[in-house]
Amino acid sequence: MSSSTPVTPAAPVIPVMIPWLGEEEARAAAEAVRSGWVAQGPRVAAFERAFAEAVGVPHAIAVSSCTTALHLAMIGAGVGPGDEVVVPSLSFIATANAVTYVGGTPVFADVDPATGNLTPETVAPLLTERTRAVIAVDQGGVPVDLDAIAALVEPRGVTVVQDAACAAGSTYRGRPAGAGAAIAAYSFHPRKLLTTGEGGMVTCRDAGLAARLRRLREHGMSVSAADRHAGAGGAGVVETYDEIGYNHRMTDVQAAIGLVQLGKLPAMVARRRELAARYRDLLGPELAAGLVADPAHGTGNFQSLWLLLPDGAPDRAEVLTRLAAAGVSARRGIMAAHLEAPYKGTARVPLPATETITARTLILPLYHSLTHEQQDHVVAALKAALRP
Ligand SMILES: *Cc1c(COP(=O)(O)O)cnc(C)c1O
């Protein structure tokens, strides 16, 4: 994931993330290959059913990434040229880009400093006549207060799309994150918990919307290629193309891996939560005050465990350099889209919490196979790096 030139580390490097993949995934992928059916087919359909059941939603549509999931979600929400969509700047840039893909304008809202997520208070000042949707992100797997935002905007006819890219395995008001959204989008990139290499999922409640998103995923075809090959709808069915679609499909090889990963998700979340709690203890109350935590309305999967550097700490770049020298690969905090070239100067309101989090946080190593010994080393290296 890093594009820097490889150097010989001073100590064994503890990365920020390692996906939890094993023999079971390898066997499942090999079986898909041996079956001769590698494009979207029966394994994608099985993965969709299993994912929908795990989240507790009626419809799940597998796609090639969360970025393509968000693209379809924007079309599903009816966003087009002239429309505005309120998004957090504090997010991976794909959140804002999905709005731009369909000709809409991303309007950047600030976030709650504790959760890194949109709130009704940060969204409200940005609503206009042109607002068509809000993309509520579960940043770093911290569940956003979806109901509060929906209560504010849905009476105005504004759709809330949940960018749950990071949030498979998080919960919101006792249900899996995304379960309550009109449309939610998930990522299966290896930087998230559940991975298929690349991959994503759209979930929704409305059957008509689900059928349309299925067609849009596959060139706008009225009958999917997999169904035609399987003979569904009768021999000799000729598909039609009623609107412009895309090739946003997932492959059966990816879905085979995803089915195994989905079964491991509860264990992944439990392990990450245990390690996050242990970080909290090891860091001590003063430092841990800057560590992202569960909000009152849900539980996170700690996809990204970020730490706000305390006042008086050295510059973040210096902290990261010192950590790297100690063999610890931490990361800068979540990016802010309004500071990047495509969106520079477009913020309509000040975004103080966004700018603080993006400039003053770092993301600590957290992955399933991280040992307590390695974790002790990270914390010792961090405490040393924070000395003035
Ligand atoms: C990772 C991420 C995405 C993009 O996911 P891909 O599957 O890599 O396209 C979108 N939104 C958020 C909040 C993310 O963290």
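The exercises below, each with a worked solution, concern the ligand shell and the aromatic rings of a predicted model.

**Exercise 1.** Find which residues come nearest to the ligand, and which of their side chains hold atoms at a stated distance from an oxygen atom of the ligand.

*Solution.* Begin with the shell, which consists of 15 residues around the ligand, and among these Cys66, Thr67, Asp163, Ser187 and Lys192 come nearest. Next, look at the side chains: an N or O atom of Thr67 is 2.5 Å from an oxygen atom of the ligand, while for an N or O atom in the side chain of Ser187 the corresponding distance is 2.7 Å. A polar side-chain atom of Lys192 lies 2.6 Å from an oxygen atom of the ligand. Finally, consider the cover: on its own the ligand has 380 Å² of accessible area, and the protein covers 91% of this.

**Exercise 2.** Describe the make-up of the shell around the ligand, and name helices that each supply at least two of its residues.

*Solution.* Sorting the residues of the shell by kind gives six nonpolar, seven polar and two charged. Turning to the helices, α3 (66–76) and α4 (94–101) each supply at least two residues of the shell.

**Exercise 3.** Classify the ring pair of Phe47 and Phe188, and explain why the pair ties together parts that are apart in sequence.

*Solution.* A search of the whole structure finds five aromatic pairs. In the pair of Phe47 and Phe188, the ring centres are 5.5 Å apart and the planes stand at 50°, so the pair is tilted. Phe47 belongs to helix α2 (residues 42–55), whereas Phe188 lies in the loop between β8 (183–187) and β9 (200–204), and therefore the pair ties together parts that are 141 residues apart in sequence. As to accessibility, Phe47 has a relative accessible area of 0% and is buried, and Phe188, with a relative accessible area of 0%, is buried too.

**Exercise 4.** Work out how Phe108 and Tyr343 are arranged, and whether each is buried or exposed.

*Solution.* The two rings form an edge-to-face aromatic pair, with 5.6 Å from centre to centre and 80° between the planes. This pair links distant parts of the chain, since Phe108 is in strand β3 (residues 105–109) and Tyr343 is in the loop between β12 (331–332) and α11 (352–360), 235 residues apart. Phe108 is buried, because its relative accessible area of 1% is under 20%. Tyr343, at 7% relative accessibility, also counts as buried.

Notes
Residues numbered from 1 in each chain as written. Predicted model: local features only at pLDDT ≥ 70, side-chain atom pairs only at ≥ 80, totals over all residues. Heavy atoms only, no water. Near = heavy atom within 4 Å. Polar contact = N/O pair within 3.5 Å; in protein donor to acceptor, adjacent residues only side chain to side chain. Areas by Shrake-Rupley, 256 points an atom, 1.4 Å probe, with all protein chains shown as cover. Helix = DSSP H or I, 4+ residues; strand = E, 2+ residues; numbered from the N terminus. Nonpolar A, V, L, I, M, F, W, Y, C, P; charged D, E, K, R; others polar. Phe/Tyr/Trp six-rings, centres within 6.5 Å; stacked < 30°, edge-to-face > 60°. Buried < 20%, exposed > 50% of the residue type's maximum accessible area, 1.4 Å probe, protein only.
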